[in-house]
Amino acid sequence: YKGKEYRGVIENLSTSGALLKLSVRQLLEMPRGSRCSLIISDDPQFVPGEFSGKIVHRHSSKIGIKFQF
């Protein structure tokens, strides 16, 4: 989001989007409707999957991202 990297946990993943758990502090920086990318990797030098999307849901420490292909 805006060139920053945030680490989180994927709670749900589908072909249309993902539900992520982040720290509350990270979540406050990401308003609903913002564009972002989800990178799925355990090694930042190797990026096997990057998905662009839009934040469509925010609640507690979770965000929902709808992928945009």
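Which element gives the largest share of the lining of the largest pocket? I shall answer that in a moment, after a word on the model.

The structure is a predicted model, in which local features need pLDDT of at least 70, side-chain atom pairs count only at pLDDT 80 or more, and totals for chains, interfaces and linings use all residues. Residues are numbered from 1 along each chain as its sequence is written, and side-chain values use heavy atoms, with hydrogens and water left out.

Let me begin with the pocket. Rolling a probe the size of a water molecule over the atoms shows where empty space is left. A pocket here is an open set of points, on a 1 Å grid over the protein atoms alone, where a 1.4 Å probe fits and where protein lies on both sides within 12 Å along at least five of seven lines. The largest pocket has a volume of about 660 Å³, a volume being the space filled by probe spheres set on the points, which are joined across faces, edges and corners. It is lined by 25 residues, and E5, Y6, R7, L38 and I39 are the closest to its centre. A lining residue has an atom within 4 Å of a point.

The answer to my opening question is β3, which supplies five residues of the lining. Strands are DSSP runs of E with at least two residues, helices are runs of H or I with at least four, and both are numbered from the N terminus. At least two lining residues each come from β1 (9-13), β3 and β5. By class, the lining has 15 nonpolar, three polar and seven charged residues. In this scheme Ala, Val, Leu, Ile, Met, Phe, Trp, Tyr, Cys and Pro are nonpolar, Asp, Glu, Lys and Arg are charged, and the others, Gly among them, are polar.

I turn now to the core. The largest nonpolar core has 12 residues, among them Y1, L27, C36 and I65. Such a core is a set of buried Ala, Val, Leu, Ile, Met, Phe, Trp, Tyr and Cys residues joined through side-chain atoms within 4.5 Å. Buried means under 20% relative accessible area, exposed means over 50%, and partly exposed lies in between, with a 1.4 Å probe and protein chains only. β5 (62-67) gives the largest share of this core, three residues.

Is S34 buried or exposed? S34 is buried, because its relative accessible area is 12%. S34 sits in the loop between α1 (24-28) and β3 (35-40). Beyond its neighbours within four places in sequence, S34 is in contact (heavy atoms within 4.5 Å) with Y1, G53, K54 and I55.

S60 and S61 both lie in the loop between β4 and β5. S60 is exposed, because its relative accessible area is 55%. S61 is buried, because the value for S61 is 11%. Not counting residues up to four places away in sequence, S61 touches L20, K21, L22, V24 and L27. The C-alpha atoms of S60 and L27 are separated by 8.5 Å, although these residues are 33 apart along the chain. Phi of S60 is near 55°, a positive value in a residue other than glycine. Most residues other than glycine have a negative phi.

Finally, F69 is found in the segment after β5. F69 counts as exposed, because its relative accessibility is 80%. Leaving aside neighbours within four places in sequence, F69 is in contact with T15 and F51.
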